[in-house]
Amino acid sequence: MKVTDINIDQILYTPVVRENTYDHDEEESGFFKKMFSKKEKTEVPFFNTRVEEFGRDALYDDIKEKCDAYLVRNAPADTMVVLSHSYLIIPGKEIFPLYDVARFSIQNERDGDRPYEQYAIDRFDEPYDPSYVSEYENEEGFELARFNILLQIIDENNLRYEYVFPMEVADRKDFREQLNERLAPIGAIDMSHEDVMEGQFTEGV
């Protein structure tokens, strides 16, 4: 579904990274213990670095200027996908500048990466139901995964980036249209697979 009431602060939320602090007990334990003890390094989440790279205020203004957000109805908010004026934003995971896109393709995941395919076909007309229990074993994780699409981006340096996220079939054409609208000024090429727009799976894709 298209999300119209968005919380920009939630989209740009970055987890707090705790710095190593002075440990009195460790200081008192002596030189050798400190020398051979393993310190845990605090890793800054990739999304945090992206927000810092592009600037939170600049991103906030960019989202305010133009925003199209998509979420599978009843799915967790952190699975939302956002197109701002200048960026593809996958909250908590990635911010990709659209001005770097040379080609893109909306596809199905590859054959070996979609064990949910038959499940998706069987439940094609059914809305996402987080409480649904399949009669078959090992299908518990397929209910949201059945909506997965793969967005492949080739940048101006011919580097390839791939992002997998769930999107309702009814939203895919609009997502593609909005993406093309933003990319038209830079002449990015759309190489999307038509079957994906209809929620179909093509053998060998």
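Reply: Let us begin with a definition: a contact means heavy atoms within 4.5 Å. In this predicted model, among contacts between residues at least 6 apart in sequence, 66% join residues at least 24 apart.

Me: What is the make-up of the protein chain in helices and strands, and what share of the residues is buried?

Reply: The protein chain has nine helices and nine strands. Of its 205 residues, 41% are buried.

Me: Why is the pair of Tyr-70 and Phe-175 called edge-to-face?

Reply: A pair of aromatic rings is described by the distance of the centres and the angle of the planes. Two rings pair if their centres lie within 6.5 Å, and planes over 60 degrees apart count as edge-to-face. For Tyr-70 and Phe-175 the centres are 5.6 Å apart and the planes stand at 90°. The structure holds ten aromatic pairs.

Me: What makes this pair of Tyr-70 and Phe-175 a tie between parts of the chain?

Reply: Tyr-70 belongs to strand S2 (residues 67-70) and Phe-175 to helix H8 (residues 169-183), so the pair ties together parts that are 105 residues apart in sequence. Both Tyr-70 and Phe-175 are buried.

Me: Why are Phe-96 and Tyr-163 also called an edge-to-face pair?

Reply: The ring centres of Phe-96 and Tyr-163 lie 6.3 Å apart, and their planes are at 65°. The distance is within 6.5 Å and the angle is over 60 degrees, so the term edge-to-face applies. Phe-96 is in strand S5 (residues 94-97) and Tyr-163 in strand S8 (residues 160-166), so this pair links distant parts of the chain, 67 residues apart.

Me: How do you know whether Phe-96 and Tyr-163 are buried or exposed?

Reply: Buried means under 20% relative accessible area. Phe-96 has 3%, so Phe-96 is buried. Tyr-163 has 11%, and therefore Tyr-163 is buried as well.

Me: What makes Arg-123 a charge over the ring of Tyr-132?

Reply: The CZ of Arg must be within 6 Å of the ring centre and within 35 degrees of the ring normal. Arg-123 lies over the face of Tyr-132, at 3.6 Å from the ring centre. That distance is within the limit of 6 Å.

Me: How does the span of H8 compare with the expected one?

Reply: H8 has 15 residues and reaches 22 Å from its first C-alpha to its last, which is close to the expected 21 Å. Its buried residues include Phe-175, Leu-179 and Leu-183.

Terms used:
Residues numbered from 1 in each chain as written. Predicted model: local features only at pLDDT ≥ 70, side-chain atom pairs only at ≥ 80, totals over all residues. Heavy atoms only, no water. Phe/Tyr/Trp six-rings, centres within 6.5 Å; stacked < 30°, edge-to-face > 60°. Helix = DSSP H or I, 4+ residues; strand = E, 2+ residues; numbered from the N terminus. Buried < 20%, exposed > 50% of the residue type's maximum accessible area, 1.4 Å probe, protein only. Expected span 1.5 Å × (residues − 1).
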